[in-house]
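Let's take a look at how charged side chains pair up in a protein chain. Here is the structure to follow along with.

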Amino acid sequence: MSTAIGPYIIDNPVILAPMAGVTDRPFRQLCRKLGAGLVVSEMVTSDTRLWNSRKSRLRLDHGGETAPISVQIAGGDPEMMAEAARENVRRGAQIIDINMGCPAKKVCKKAAGSALLRDEKLVADILEAVVQSVSVPVTLKIRTGWCPDSRNGVTVAKMAEDSGIAALAVHGRTRACGYHGRAEFDTIAEIVSRVKIPVFANGDITSAERTQEVLDYTGASAVMIGRAAQGRPWIFREIAHYLATGERLPGPTLDEVRNILLAHLGELHRFYGEVMGVRIARKHVGWYLKTLADSESFRKTFFQIESAEVQHASVHEWFERRITRGAQAA
């Protein structure tokens, strides 16, 4: 099961969703290695005047990534969005993704993200400006609407197709819903039935079986995984295996989780440096540990560590104790 975004063939229909503060280069590379068919960068502001900040420079770093490199941009001004798209392509982006799905207040206050769904004329202007500004495929991420009483996802999807958008990701909640309540897939199924471009279903997809259910129900070309990948980057290979074979892939052993986590930790330290790397590693390690029983005490201890070397050593030691204890019990 594969899908195309312009000239790029996505073999595994499981895509890593862009998440600010999460889908940095180390995490994107790890998810590709573990089976994601496509990964999308953290959103970058369309205001190129702000790109000299350390945060933006790191978000714009795609060194060593596997093609196609997909970069998400966010903003509410068509000309600025077009310029941001052009500049990202100059820096190596092979797919430009437009953010009209983020529900965060600080994004919506700037008339960006999912706030744009309230202004269909502005949506059309942004889509046309960005598509016309670059020669690479442009994709779009939306929600089903601004609020439950204003689900205009189908209208926006048709506008996107008419503007030349190459693929569309839809989160099954409105902006007003945030991440509360259950995602609904009726709107996504209707969008799939009304447009010819690939549609990616997103929201509350946490397992291989759930992925199959959503694909069967909506007819979507692929699923997009966000929060479910935090601390579980192997979810991509589990889903890809299940879709290909109908069989559930065994979860990773404790040895493999340790190896994945330590490698990820090392990449975070190298990418961000000692001080920032230690701080950012805390949330990623915390997500991994939440998937493991009896880890709460170690999580609290780990969050107090100030050294990259000590972080690495403490994780290694904690896993070794658990692995040894498991071997003895066997």
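Start with R28 and E65, whose side chains meet in a salt bridge, with N and O 2.6 Å apart. This pair links distant parts of the chain: R28 sits in helix 1 (residues 25–33), while E65 lies in the loop between helix 2 (54–59) and strand 6 (70–74), 37 residues apart. R28 counts as buried because its relative accessible area is 2%, and E65 is buried too, at 14%. Keep in mind that this is a predicted model.

Why can such pairs form? Side chains of opposite charge can pair when their charged atoms come close.

How many salt bridges does the structure hold? There are 22, and here are three of them:

| Pair | N to O distance |
|---|---|
| R28 and E65 | 2.6 Å |
| R86 and E83 | 3.0 Å |
| R151 and E184 | 3.3 Å |

Now for R86 and E83. Both lie in helix 3 (residues 78–90), 3 residues apart, which is about one turn of the helix. R86 is partly exposed, with a relative accessible area of 31%, and E83 is partly exposed at 29%.

Next up is the salt bridge between R151 and E184. That pair also links distant parts of the chain: R151 is in the loop between strand 8 (138–143) and helix 6 (153–163), and E184 is in the loop between strand 9 (167–171) and helix 7 (186–194), 33 residues apart.

Methods. Residues are numbered from 1 along each chain as its sequence is written. This is a predicted model: local features need pLDDT of at least 70, side-chain atom pairs count only at pLDDT 80 or more; totals for chains, interfaces and linings use all residues. Side-chain values use heavy atoms; hydrogens and water are left out. A salt bridge is a side-chain nitrogen of Lys or Arg within 4 Å of a carboxyl oxygen of Asp or Glu. Helices (H or I, at least four residues) and strands (E, at least two) are DSSP runs, numbered from the N terminus. Buried means under 20% relative accessible area, exposed over 50%, partly exposed in between (1.4 Å probe, protein chains only).
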